[in-house]
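Please look over the structure below with an eye to its ring contacts and to one of its helices. The notes that follow are grouped by topic.

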Amino acid sequence: MSRRQYPFHLIEPKWQQRWEAEQTFRAWNPGDSVPASHPFGVRHELAGKAPAASELPPKFYILDMFPYPSGAGLHVGHPEGYTATDILARYRRACGFNVLHPMGWDSFGLPAEQYAVKTGQHPRKTTEANIANFTRQIRSLGFSYDWTRELATTDPDYFKWTQWIFLQLYNSWFNPATNKAEPIETLTYPPELKLVIEDWRSITLQRNPGDNSSPEDDDEFRKAAQKAMNEEVEQSRRAYRDSKRLAYVSEAPVNWCPELGTVLANEEVIDGKSEVGGFPVIRKPMKQWMLRITAFAERLLADLDTIEWSDSLKEMQRNWIGRSEGALVDFQVQGSTSKITVFTTRPDTLFGATYMVLSPEHSLLKEIVTPEQAAAVKQYQEFAAGKSDLERTELSKEKTGVWTGAYALNPVNGEQIPIWIADYVLASYGTGAIMAVPAHDERDFEFAKKFDLQIRPVVLPSADWFLELHSESQKHLPKQRDWERMIEKEGLGLFQAMDKLAGQIEAMYREKCHVFHKPFVGEGSAIESANGEISINGLPTQEAKAKITAWLESKGLGKKTVNFKLRDWLFSRQRYWGEPFPIVWKRDDAGNLYHEALPESALPLLPPALDDYKPTADGQPPLARAKDWLTLSDGSIRETNTMPQWAGSCWYYLRYADNKNAAAFVSPEAEGYWMGTASSPDPKSQTPSPKPTPGVDLYVGGTEHAVLHLLYARFWHKVLFDLGHVSTAEPFFKLVNQGLILGEDGQKMSKSRGNVVNPDDVLKEFGADAFRLYEMFMGPLQDVKPWNTRGVEGVYRFLGRVWRLFVDEKAETDYEQAETVTSGTGSANALLGIIKLSAAIKDEPGTPAQLKALHACIKKVTEDLDALRFNTAISTMMIFVNEAMAWPVKPWAVLRDFLLLLAPFAPHLAEELWEKLHALRADPAGIPSLSYAAWPKFDPALLVEDTLEIPVQVNGKLRDVIRVPAGATNAELEEAAKAAEKAQPFLAGKTVKKVIVVPKKLVNLIVA
RNA sequence: GCGGAUGUGGCGAAAUGGCAGACGCAGGGGACUUAAAAUCCCCUGGCCGAAAGGCCGUGCGGGUUCGAUCCCCGCCAUCCGCACCA
């Protein structure tokens, strides 16, 4: 394919430059002055004004997940989502919305830092170069972003506010009574932490005679006296306060990579090895900053019901949050005052608890381990700690553990049960300890079998379960032939035999269920579950749970509770290229370290300049190398951790609304307009539907962020909402995941497979419009689909047909000759000026057939865009063009409306043809802007058919198609169907028993 | 193992209770051309048939219905998450 279908190489740069020069896609905030000439102002009669939110048209916020600007540049997967959102942004603009469609850079990140470690080049340099390359690539695709709102998370003007939001978290606590984040000042302290003196003014002074100090001095003295008296309790209060903050410090097990000398984030650990270098990673407790996301678990779960995300995505978030209802139960340790609390979802199986298991890291171990077992326990703890995550999962098939030598007392029956430790119990879930009910839990069952612990059934399964077990033909169970014998020799019916068999297995289950090969983990009815005070025998599982839990609560032995899989967010990284924490460390009089926030005025806190970006030899983060930066004049020491990459992406969508604001992270007006529903519907706009929604109206991005980014951002947003900084509880109202684009070989694109498609190459050969169109034509946005270069050629040919639909053949030949002569060095505009439109384009009304073709196209494209069905919208336009090519006369107005439909998909080509089309008419007002021209409306009256094709079925099989007047009655339809020629052979000699007539659709004749 | 999604021609796909395969790719034939490219026109799910036409066909097996790619039940396969979460 050597010859160009049309001169996209001239058209595309021309319009991209025009859009940029005229700031065509600038989005206007409330209060902005709209220039007199700007097409947005012209369209909405706001030119030269500074409209308030109520005067602006309704907003539509269309957001892409901003990219990490990697050194590799864009691949064809990126623009898939960007193209979809750009088409919608242009469509919504045409519909009369004020569209916010921004782009920016998630530019903190590991690759730039690793490059810095290797080469000493400052990560900012690498980052800037990568951003420049990404910008070039993205701009070449002709997206209608408002580039004045561009932002980068690495920009100090941006991360100043990331740090500011961290301070909001730091200075807040979660009030369980209100279920909200509140300023830390509203925290109430327990009675033992009451200040001795509440108010320094209440301290009475006894003046010495002759003391002539001023009353101000008295106040100073009173303050000092209060301070001294309260000092001790104040220290405890600080500790209490610090333990309640949404941002707090905790000794947490982290992914420590000895080889790299650093801590890794979970997402940087793959199969127990570091993503970089593939070195082993172990769990190690270290002091870390944590964010209290768990406090919001319930709301993060419940509010999923208020937003339009795909089921699968919501499900992934639900699984991650992992809510489960159960009970906390206390077990007394025998011969000790200590209690072990366990979390269980099956309190109804308490009578079947035959041993307990603590995680190897459990804090009570040092108290309860007997001297005889101490060595074995210690050895096991070391064994478990030394295991990498990889080894833990690899070895998970075989359970390991050690007895502690201690016993606990089962609270329901006082029975002595051994306490074990095993690494199948996780320190980080529940209480880090379990009651083991091997008869009703797979893991406990496996463990009990291995270590020969008692297995006691306390839930009776249904007969079906026994029969299923039997059908798996296990050892020890009755054999198939036993069953057959029952039927044959004992003369039993099938169901009697099954009952008898189930009965036999049940007896065995009650007596010696340790011979079974699997436990019963489902719901049944309780057995063997009674003590002197309470019995749950015979109760179905749900009722048994409720009753035993109530009993435990009444005896003070336990309580109903809800547990979550979600953990608090480990928020610190031992890295250079991230936001420094606005935190310093100090020592109190007793010499204890404590932390304090820097004042807002200290923001942004910039990272120090370094020569060496490696962690220090003793495992300190790189920031600890900057000795000057580290220590403040008052002796306090800066926090040397930095924030993770997620921090910047947690709130960038808010900054887009007001990215230049130096006084606030976003102004309330801008936030209220773009994120709230403050904008008023514009009565003049053509189709402002669907209505603007709270938050981002549409967010498009890959599934790789299904959980972490989207959960973290929702969490921050809720905190900001509680503190009154934003007006909605959820940030992203509607979210769509674009599907992965695979290589031509159907495999995931990767450098090593050599199947990566570079957009630059595609653009060079086919142009941006063809590229955009193909990405959308491949299939549904959400689907995974393979790239196919022949497919690009197909849509490219379609654009060529559109070109030839408009352009005069002779002029095209002239243009080609001129281009050859000037060999591309001539003025692009002069060359394009040679192109003349076809003489077949006439200012005549369209024929009914032409108008029908146009309006059918308008209808389908509009409906498809509303439903994000880009692929079928494009095929509809192909059908229109194929038909229009044959028209001897091409009505001007019909082609004009078609260009409006094409414009969101292929904006450059549409602009060029729009310009030429309008140049045919010497309109004194000049050429109207395509980008703000109103979306065409279809006229249903033009689509009405005079006659309809109606399929005729006989007994549900298609036999003929008849043509009837559109207004035919059911009776007429029936008659016509019975007379249908090709149906006759199937009707001959038979009586029509029944006739189904679906008006305007079909007739089905049922014959005997 | 658990959860979710998907399964339709040679390929990407469309139709979501009513003519299965729109549109595009690939393939075949033709027009234009000295020739090629480009463009334009026609054909193109399988089987039987000279044709007219018929039969079969949306992963597999059942069901609901006058009628099922579509709704329900049970399987199978593929992909994506999560995975000792008590």
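Arg-921 lies over the face of Trp-892, at 3.5 Å from the ring centre, a charge being counted over a ring if NZ of Lys or CZ of Arg is within 6 Å of the ring centre and within 35 degrees of the ring normal. Arg-959 is placed over the face of Phe-986, at 3.6 Å from the ring centre. This is a predicted model, in which local features need pLDDT of at least 70 and side-chain atom pairs count only at pLDDT 80 or more, while totals for chains, interfaces and linings use all residues. Residues are numbered from 1 along each chain as its sequence is written, and side-chain values use heavy atoms, with hydrogens and water left out.

**Aromatic pairs**
- The whole structure holds 61 aromatic pairs, meaning rings of Phe, Tyr and Trp (its six-membered ring) with centres within 6.5 Å, where planes under 30 degrees apart count as stacked, over 60 as edge-to-face and the rest as tilted.
- Among them, Phe-166 and Trp-289 are edge-to-face, because their centres lie 5.8 Å apart and their planes stand at 80 degrees.
- This pair links Phe-166 in helix 6 (residues 156–170) with Trp-289 in strand 9 (residues 282–291), 123 residues apart, helices (H or I, at least four residues) and strands (E, at least two) being DSSP runs numbered from the N terminus.
- Phe-166 is buried at a relative accessible area of 0%, where buried means under 20%, exposed over 50% and partly exposed in between (1.4 Å probe, protein chains only).

**Helix 22**
- In helix 22 (residues 708–722), 14 of the 15 residues are buried.
- Just after helix 22, Gly-724 adopts a positive phi of about 85 degrees.

Notes
Chains are lettered from A and ligands numbered from 1 in the order in which they are written. The expected span of a helix is 1.5 Å times one less than its number of residues.
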